[in-house]
Amino acid sequence: MRKVMFEMSKTILFMGNSITDCNRDREDIMSLGNGYAAFTAGSLAAKYPGEYSFINRGIAGNRVCDLVSRMNSDIIAHQPDYMSIQTGANDVSQDYMADKLRSERYEKLYSLLVEESLSELPELKIMIFTPFIVPHAQLEKTYENISHFSVNSLCEAMSEYVEATERVARKFDLPCVNLQKVFDEELKNASAEYWSRDGYHPTAMGHGIIAREWQKLFEKVK
């Protein structure tokens with residue numbers, strides 16, 4: 001009976017970078033890592049037992065171009081009913097270190113990812129979550145060899161990619177959560193170190209915030 005219920009369940013796919021990956025076992029399709037994807041799956045399974053199955057295809061270090069390159073194997077092949085995308089941090093970081101922001105290219109590739117996914121899976125419901133950064137002390141060490149580094153300039157760079165992500169969501173009329181705004185608000189309640197390990201990667205508490213926002217949005221689109 002459990003097997004039948006699993007086979008008939010709707011599939012939720014998590015796509016992204018290390019924030020989504022979160023140490024999952026890539027040899028095990030059932031592995032969801034130890035971050036917001038696992039938190040979300042646990043909460044939804046408890047609330048809607050047997051109704052949803054979950055696949056995590058986040059890969060640490062990925063940029064949006066990498067998500068496009070593995071679209072067939074990691075999106076289309078799984079035929080998901082729902083897909084969330086949380087990416088952009090690596091695009092920002094690499095472009096910032098090169099002192100050449102390419103948010104327009106990022107936006108074009110993100111649009112391609114969404115457009116092609118919907119072309120192949122027209123019933124797919126996509127949820128967008130913007131990249132984000134918090135002003136963690138570790139950022140000074142991460143960018144210690146970058147002469148143009150300052151927390152303010154890095155945050156300004158991030159804002160370009162957040163806005164680009166939101167434009168993609170509006171272009172395809174997709175629901176979107178601005179995680180930068182969410183964490184900016186949460187910084188009024190607790191320190192950057194409480195929410196993040198290094199400015200980019202969330203602590204368990206930070207993952208809890210993403211899972212909370214994920215589930216709130218999902219209730220609106222499911």
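**View A. The pairing of F129 with V177 in the predicted model.** In this predicted model, V177 of β5 is the bridge partner of F129. Strand β4, residues 125-129, is joined to β5 by two bridges in the parallel sense.

**View B. The open, parallel sheet of five strands****.** The strand order is β2-β1-β3-β4-β5. At the edges lie β2 (52-58) and β5 (176-177), each of which pairs on one side only.

**View C. Helices α3 and α12 against the sheet.** Helix α3, residues 36-47, lies across β1 (10-16), β2 and β3 (82-86), and runs at about 165 degrees to β1. Helix α12, residues 204-221, lies across β1, β2, β3, β4 and β5. The angle between α12 and β4 is about 150 degrees.

**View D. Helix α6 and its surroundings.** Seven of the nine residues of α6 are buried, so the helix is mostly covered. The buried residues are A89, N90, D91, V92, S93, D95 and Y96. They pack against α4 (64-69), α7 and α9 (151-171). Just after α6, D99 adopts a positive phi of about 55 degrees.

**View E. The largest cavity.** Helices α6 (89-97) and α7 (103-120) each contribute at least two residues to the lining.

Notes:
Residues numbered from 1 in each chain as written. Predicted model: local features only at pLDDT ≥ 70, side-chain atom pairs only at ≥ 80, totals over all residues. Heavy atoms only, no water. Helix = DSSP H or I, 4+ residues; strand = E, 2+ residues; numbered from the N terminus. Buried < 20%, exposed > 50% of the residue type's maximum accessible area, 1.4 Å probe, protein only. Contact = heavy atoms within 4.5 Å. Pairing = 2+ DSSP bridges. Axes fitted to C-alpha atoms, helices over the stretch in contact; angles between N-to-C directions.
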